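These are my notes from an afternoon of looking things up in one model, chain by chain and then across the contacts between chains. I wrote each entry as I went.

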Amino acid sequence: MSGDREIKIVFTGPMGAGKTTAIRAISDAPPVSTEVANTDRATNAKPTTTVALDYGQLLLEDGTAVSLYGTPGQERFSFMWEILCRGSLGVVLLLDGSTATACQDLQGYAEAFRRIDPNQPFVIGVGRVPPDDYRLDEYARALGARGIVAPVFGVDVRQREDVLLLIETLLCVLEAQMPEPDHAAH
Amino acid sequence: MQPRPPPSRAVSDPDTAVRPDRRIAVLKPTGVVDERITHALQLMESSIWAFHGTTHVTWRMASVDSADVLVFHEGDTDERIAQWKSQNKPVVEIAVQSRLDSDTPNLLVYPFRATQVLVLLERLETQLTSGLEGLVPDESTLALASTDQDPWTFVEGLRTLRTLQNSEAWLVGREARTPILWVRGDAATYAAEPVTVQAIRRGALNPSRLTLEKGSAPIGGQAPRSGMELSWFTGYFASGHLAPSLTISTSYRMSSWPNFGLIRPSPSQMRVVAALAAAAADLSEIIRRAGVTADEAARTLNALYACGMLVRVSPSEPGSAASAGARRRAASEPRAGLAKLLANVRKHLGLGARS
Amino acid sequence: MQPTSQHFQAAVVEDALRLLEAFVDATPGVTFAVLSSADGFEIAAHPRGVARARRLAAMSSSLQALSEAMAGEAGLEGIRNLVIESNGGTVIVLGVGKVTPRLSLTVVARGDETLGRLLWASRECCASLERRLLPATN
């Protein structure tokens, strides 16, 4: 792999959805974060918030590094979304399924990232969704109505295997999009 | 890639072998009968005709002497019916009311839906190719005849419920007489004991043994679950061949992804779904692009179909928007070594090789 | 309506506005100044009604945080300011003293004013802001 372009995967989503947790679950180096005091407790009770990015890494055996970026969640930092996901392998959107605005957030983020790059692989993980919850079907349908067919999974990003499920889905989507001769390469 | 045939079959893969025609005879009423019987027999004949090209084999109308299957109506005293039954040859009885005491394994109660005829024809084909006809009846044959209802009836039933969207009603699923699951009228949610849920997810529940009837909401300790889980697993384990409503030569695309957080797919299932998401495909294209067996491809397609996530692509459609996007992406970002990179990431995270 | 920091009362914000106004008017080359919270909210800006004020406030907090991370990586402490020099002018982001929660002052200057003069004037403005804001947060 030539070294002229950074290889990265981006995690995005509203505050408290688990971006920092997800990166920490798979990063080989302790993740760097840019968290500061949250002065807007009315909107979200979390004491801190990411204002620039979270940064983690996968250090592969052949020396390649895959950067893992977490974006700030709030819309006022949307300029970071574009900067960070430019040229990335794909975007993982994390949502908190227990919030009242989850479905709205989903559509808002999906639209925003589609505008940034319509062809970029996009995987959605929704947390705090119990097994009887069929709202995910509605979320998928809401996306479908906007012409977006993207994976929407119920996950718990505190579990490493759930984060891996999201990453694996991203990899499968990328592999499925490759022209067929590449498949034969390995 | 040949699927492994089940032990009782001596025949080669039905998907690639030249299919024989099957002959079916319908005994017409000789005297005056209930008008509904006449309508039912007409419906049966027209359904057979309508499914030409859809079923695994072609069914042709024939005389009783040359037929593989005999269709008769209840109350018909034609002696050939008894002859056929004693020889254990496949028969189909058309009735206008349900009878619990019927000894006919294939009973169609009028009014019946065309899909029931389709399901029946496919089941008859299975019975004929597995060589059950002509066997001396013994316990195992009789057992097969009486319980070998199609699992597709259950799966299709769930699909129909989903379209009805009646969230107020509940249906109870009983195995023998014991209620084991409760399905809401819109199939969005179901409830069952944890041990039943485990059985469903393992494929140990046989939906052909279930009866589904109107009932009341569950009370007690059954955990509510997403209806998609029930549809996916019953659809997946129903058969290693495509569902009766799907055909080999049709291209399909996905309308949405299943919730893999709940289903926890195998790598093969993930690849099938990802391949379909990238571009519309028919069965053989799925097998090739996803690098999976015919069995796995068919089962995964069936599961998607059961969940209502599979959409037929008409021949005039150039393909889904997703495939156009994939082509654009591939064209604009030729990325040397991407396949190798992804393989290395897989290895690093312990995800297993792609194929 | 964008939520403002909860830590500052209206009177204090008014004073900050007046300080910014005085600073912008008195300092040659400066076209815009905004006081923002560490998490990117605009607290006071002059001139008012600048369309990009909110974005600049958010970007300042991102830059501030990244600068601190980078300085830390380089083994340095106590960031004083960040300077972006371009052909048309300069942007300076300064941390406002020992105020809690942390605040940033972002100054946009066009033209050829020397950096030294801009920095000195900006630091003076910061000091005035600190004096005015500190009692409010105790």
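Predicted model: local features only at pLDDT ≥ 70, side-chain atom pairs only at ≥ 80, totals over all residues.

**Backbone entries**

With those terms I placed B:R264 in the loop of chain B between α8 (260–263) and α9 (267–278). I looked up its backbone angle and found a positive phi of about 55°, although B:R264 is not a glycine.

I then turned to A:R128, which lies in the loop between β6 (122–127) and α4 (135–145) of chain A. Phi of A:R128 is near 60°, a positive value in a residue other than glycine. I counted A:R128 as partly exposed because 16 other C-beta atoms lie within 10 Å.

In chain C I noted a cis peptide bond between C:H46 and C:P47, with omega at about -5°. C:P47 sits in the loop that runs between β2 (42–46) and α2 of chain C.

**Chain B**

I listed 13 helices and 12 strands for chain B, and of its 355 residues 38% count as buried.

Helix α7 (residues 227–238) of chain B has 12 residues and reaches 17 Å from its first C-alpha to its last, close to the 16 Å expected at 1.5 Å a residue. How many of the residues of α7(B) are buried? I found 12 of the 12 to be buried, so α7(B) is largely enclosed by the rest of the structure. The buried residues include B:M228, B:E229, B:W232, B:F233, B:Y236 and B:F237.

I also followed B:R289, which is found in helix α10 (residues 283–290) of chain B. B:R289 counts as buried because it has 21 C-beta neighbours inside 10 Å, where the cut-off for a buried residue is 20 or more. Leaving out residues up to four places away in sequence, B:R289 touches B:A275, B:A281 and, in chain A, A:E180. B:R289 and B:A274 are 15 residues apart in sequence, and I read 9.7 Å between their C-alpha atoms.

For chain A I read a mean pLDDT of 88, with 95% of its residues at 70 or more. Over residues 182–186 of chain A the pLDDT is below 50, and this stretch has six contacts in the model beyond near neighbours in sequence.

I found 45 residues of chain B in contact with 49 residues of chain A. On the side of chain B that touches chain A, the largest share, 11 residues, comes from α13(B). By class, this side of chain B has 25 nonpolar, 12 polar and eight charged residues.

**Chain C**

Chain C has three helices and five strands, which follow the pattern α-β-β-α-β-β-β-α along the sequence. A compact globule of 138 residues would have a radius of gyration near 14 Å, and chain C agrees with that at 14 Å. Its C-alpha trace spans about 35 × 35 × 30 Å along the principal axes of chain C. I noted 39% of the 138 residues of chain C as buried.

Helix α1 (residues 10–26) of chain C has 17 residues and should span 24 Å at 1.5 Å a residue, which agrees with the 24 Å between its end C-alpha atoms. In α1(C) I marked C:A16, C:L19, C:L20, C:F23 and C:V24 as buried. Seen down the axis of α1(C), these buried residues fall within an arc of 130°, so they line one face of the helix. An α-helix has 3.6 residues a turn, so residues three or four places apart point the same way. The face of α1(C) turned away from the buried side carries the exposed residues C:A10, C:A11, C:E14, C:D25 and C:A26.

My last entry concerns the contact between chain C and chain A, which takes 20 residues from chain C and 15 residues from chain A. Helix α2 (residues 53–73) of chain C gives the most to the side of chain C that touches chain A, with nine residues.

Technical notes: Residues numbered from 1 in each chain as written. Chains lettered and ligands numbered in written order. Helix = DSSP H or I, 4+ residues; strand = E, 2+ residues; numbered from the N terminus. Expected span 1.5 Å × (residues − 1). Arc of directions from axis to C-beta. Contact = placed C-beta atoms within 7 Å. pLDDT = per-residue confidence, 0-100. Nonpolar A, V, L, I, M, F, W, Y, C, P; charged D, E, K, R; others polar. Rg over C-alpha atoms; globule rule 2.2 N^0.38 Å.
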